[in-house]
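Open the model in your viewer and keep the selection tool at hand. The stops below go from a pocket to its charged surroundings, then to other salt bridges and a surface patch.

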Amino acid sequence: PAVAAQSLIGFGEVRHTRLKPARHAFSYPTYFLMLPLRAMQTGGSTALARNRRGLLSFHDSDHGDGGSDCLAWLDALLLAQGIADAQGEVWLHTYPRVLGYTFKPVSFWYCHRADGTLRAIVVEVNNTFGERHCYLLDAPRYGHELRADKVFHVSPFCRIEGSYRFRFMRARRDNIEKTVARIDHDDATGPLLQTSVAGSLQTINAASLRKAFWGYPAMTFGVLARIHWQAFKLWRKHVPFISKPQPPTLFVTR
C-alpha cells in the first residue's frame, strides 16, 4: 500500500513589491503549514494540535464556512463548481494559529485527482474586515500562469479592478522539497503588485514546531503588524486610499 502523506511545515520568506504610483518593496522570513488533509483524516501528524490548543495549531473552523470539517466543505465547493474528479490528496498551504491566534491573508488548496495529478487550486483570501473569498483555478499546471479577475477587496491601496496572475511550483531538488506560490496583480495600465511566498518543506514533528515557534516569535501577530506598518508607509508616500466596497455577491470566482 502507498505510504500516507506526512504533514509538512515550510520555512522561507514572503516578498511584496508595489510598482506604482510609488515603488514600495519588502520581504520577511516566514513559515507555513502544508497539510495533506485526506491523509490527516486517517491519523496523520499528532505533533500538530488540530482543533485544540497548542503553541501552534490548525483549526478547521478557520477555513471555508467556519465549520468543523474544512475538507468536507472543500469537496462540496468543488462539486458545486462541477469538479467531481478531485478525489486524490488535498494539500492545504496555510498559516497556523500561534497561541490560539491567527490571521490568514491567503491559503492555497492544491486538489489532486486519484492518480496524483493536479486538478484544481482554490485560493482562499481573507481581508482585515473579516471577509473571505475564493478564487477557483480550474485545470492548473505547476509552472504555468493562471489568471482570474480581481473581484474582492484586500488592500485599501488597490482598487477592485484588473486581474491576478498566479504561478505555483512544488519540486524536489537535492533531497529538499520546495514550494513557491506567486500572485501578481495587474490593473488597467499593467503590472501593479508582485507577491510571493516560498519555502523549503520539512516533516512536522516536535523539533520543527519548536523551530517555528521560537525561531519566528509572534509571527501571526507580526503579519497583522506588518500589514498596518506597510499601509502607514504607503500613506506616507501619498498612495491614494480607497474606501472598502461591498463584498462580491458570489463566494467563488472561477
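**Stop 1: the second largest pocket**

In this predicted model, begin by selecting Glu 145, Arg 165, Phe 166, Arg 167, Phe 168, Met 169, Val 180, Arg 182, Asp 184 and Ser 196, the residues that line the second largest pocket. The volume of this pocket is about 160 Å³. Colour the selection by residue class: the lining divides into five charged, four nonpolar and one polar residue.

Next, show the strands behind the lining. Both β11 (163-173) and β12 (176-187) supply at least two of its residues. Which strand gives the largest share of the lining? That strand is β11, with five residues.

**Stop 2: the charged network**

A network of salt bridges links Glu 145, Arg 147, Arg 165, Arg 182, Asp 184 and Asp 186.

Zoom in on Glu 145 and Arg 147. These two form a salt bridge in which the closest N and O atoms are 3.6 Å apart. Glu 145 counts as partly exposed because its relative accessibility is 38%, whereas Arg 147, at 53%, counts as exposed. Side chains of opposite charge can pair when their charged atoms come close.

**Stop 3: two other salt bridges**

The structure holds 18 salt bridges; two of them are visited here.

Select Asp 187 and Lys 20. Their side chains meet in a salt bridge, with an N to O distance of 2.9 Å. The pair links distant parts of the chain, 167 residues apart: Asp 187 lies in strand β12, and Lys 20 in the loop between β1 (8-18) and β2 (24-36). Is Asp 187 buried or exposed? With a relative accessible area of 18%, Asp 187 is buried, since the cut-off for buried is under 20%.

Then move to Glu 13 and Arg 15. The closest N and O atoms of this salt bridge are 2.8 Å apart. Glu 13 is partly exposed, with a relative accessible area of 28%, and Arg 15 is also partly exposed, at 45%.

**Stop 4: a nonpolar surface patch**

Trp 214 sits in helix α3 (residues 206-215). Why does Trp 214 count as exposed? The reason is its relative accessibility of 63%, as exposed means over 50%.

Notes. Residues numbered from 1 in each chain as written. Predicted model: local features only at pLDDT ≥ 70, side-chain atom pairs only at ≥ 80, totals over all residues. Heavy atoms only, no water. Helix = DSSP H or I, 4+ residues; strand = E, 2+ residues; numbered from the N terminus. Buried < 20%, exposed > 50% of the residue type's maximum accessible area, 1.4 Å probe, protein only. 1 Å grid on protein atoms, 1.4 Å probe; cavity = no way out; pocket = protein on both sides within 12 Å on 5 of 7 lines; lining within 4 Å. Points joined across faces, edges and corners; volume = space filled by probe spheres on them. Nonpolar A, V, L, I, M, F, W, Y, C, P; charged D, E, K, R; others polar. Salt bridge = Lys/Arg side-chain N within 4 Å of Asp/Glu carboxyl O.
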